[in-house]
Amino acid sequence: MRIMGLDYGDKTVGVAISDGMFLTAQPVETIKRERANKLRQTYARIEELIMEYDVGKIVTGLPLNMDDKEGIRCQKTREFAETLERRTGLEIVFQDERLTTFAANAVLEEGGVRKDRRKAYIDKIAASMILQDYLDNIDKRI
């Protein structure tokens with residue numbers, strides 16, 4: 001079993017997957033859609049990845065405000081996660097994702113990725129950071 005990390009946005013969902021021992025998170029892909037409310041194909045692609053990687057749990061970034069309050073982005077993320085949980089039957093947990101997009105951009109900049117090419121990577125890198133933060137803080141004792 002593996003854990004999937006998601007970075008949900010208006011037009012993209014970054015996807016990352018853990019290794020089987022829950023030690024590391026690897027970016028997998030960025031799922032894109034034309035409009036924010038057109039999620040059918042996004043859910044279908046996530047379900048395909050769940051089967052492909054034998055996913056048993058999903059960690060979704062929760063975009064809290066800097067004052068720890070939940071805004072409209074949190075509400076949209078919770079609605080997305082609720083539908084995903086209903087469709088897949090998997091447990092979904094939320095992980096604070098504040099500043100992950102900023103951090104992902106910094107990693108890409110340090111890696112020499114040109115600004116015009118970062119958009120292709122930033123969401124899946126952010127998803128891997130969200131998942132890695134979760135993995136670093138779970139109890140891995142057997």
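Start by selecting Arg73 and Thr77: a polar atom of the Thr77 side chain lies 2.9 Å from the backbone oxygen of Arg73. The model is a predicted one, and every distance on this tour is computed from it.

**Stop 1: around Thr77.** Colour residues 72-88, which make up helix α2; Thr77 is found there. Thr77 counts as buried because its relative accessibility is 0%, and the cut-off for buried is under 20%. Now show what touches Thr77, leaving aside residues up to four places away in sequence: Tyr8, Thr60, Gly61, Leu62, Pro63 and Phe94.

Stop 2: Switch to a cartoon view and find the open sheet of five strands. Reading across, the order is β3-β2-β1-β4-β5, and the pairing is mixed. At the edges are β3 (25-32) and β5 (91-96), each of which pairs on one side only. Ignoring direction, neighbouring strands of this sheet are turned by 25 degrees against each other on average.

Next, select residues 2-8 and residues 55-62. These are strands β1 and β4, which run parallel and are joined by five bridges. For one example, select Ile3: its bridge partner in β4 is Lys57. As background, strands of a sheet pair through backbone hydrogen bonds, either parallel or antiparallel.

**Stop 3: the aromatic rings.** How many aromatic pairs does a search of the whole structure find? There are two. Are Tyr8 and Phe80 buried or exposed? Both are buried.

Tyr43 is buried, like Phe80. Show the three rings together: Tyr8, Tyr43 and Phe80 form one aromatic cluster.

**Stop 4: between the helices.** Select Arg87, which is placed in helix α2. With a relative accessible area of 39%, Arg87 is partly exposed. Which residues does Arg87 touch, not counting those up to four places away in sequence? They are Arg40, Tyr43, Ala44 and Glu47. To check one of these in the viewer, draw a C-alpha to C-alpha line from Arg87 to Glu47: the two are 8.5 Å apart in space and 40 residues apart in sequence.

**Stop 5: two loop aspartates.** Most residues other than glycine have a negative phi, and most peptide bonds are trans. Select Asp54, in the loop between α1 and β4. Asp54 is not a glycine, yet has a positive phi of about 55 degrees. Then move to Asp68, in the loop between β4 and α2. Asp68 is not a glycine either, and its phi is positive, at about 70 degrees. Asp68 counts as exposed because its relative accessibility is 52%, and the cut-off for exposed is over 50%.

Note on methods. Residues are numbered from 1 along each chain as its sequence is written. This is a predicted model: local features need pLDDT of at least 70, side-chain atom pairs count only at pLDDT 80 or more; totals for chains, interfaces and linings use all residues. Side-chain values use heavy atoms; hydrogens and water are left out. Two strands pair if DSSP finds at least two bridges between them. Helices (H or I, at least four residues) and strands (E, at least two) are DSSP runs, numbered from the N terminus. Axes are lines fitted to C-alpha atoms, for helices over the stretch in contact, and angles run from 0 to 180 degrees between N-to-C directions. Buried means under 20% relative accessible area, exposed over 50%, partly exposed in between (1.4 Å probe, protein chains only). A polar contact is a pair of N or O atoms within 3.5 Å; within protein, one must be able to donate a hydrogen and the other to accept it, and residues adjacent in sequence count only if both atoms are side-chain atoms. Contact means heavy atoms within 4.5 Å. Rings of Phe, Tyr and Trp (its six-membered ring) pair if their centres lie within 6.5 Å; planes under 30 degrees apart count as stacked, over 60 as edge-to-face and the rest as tilted.
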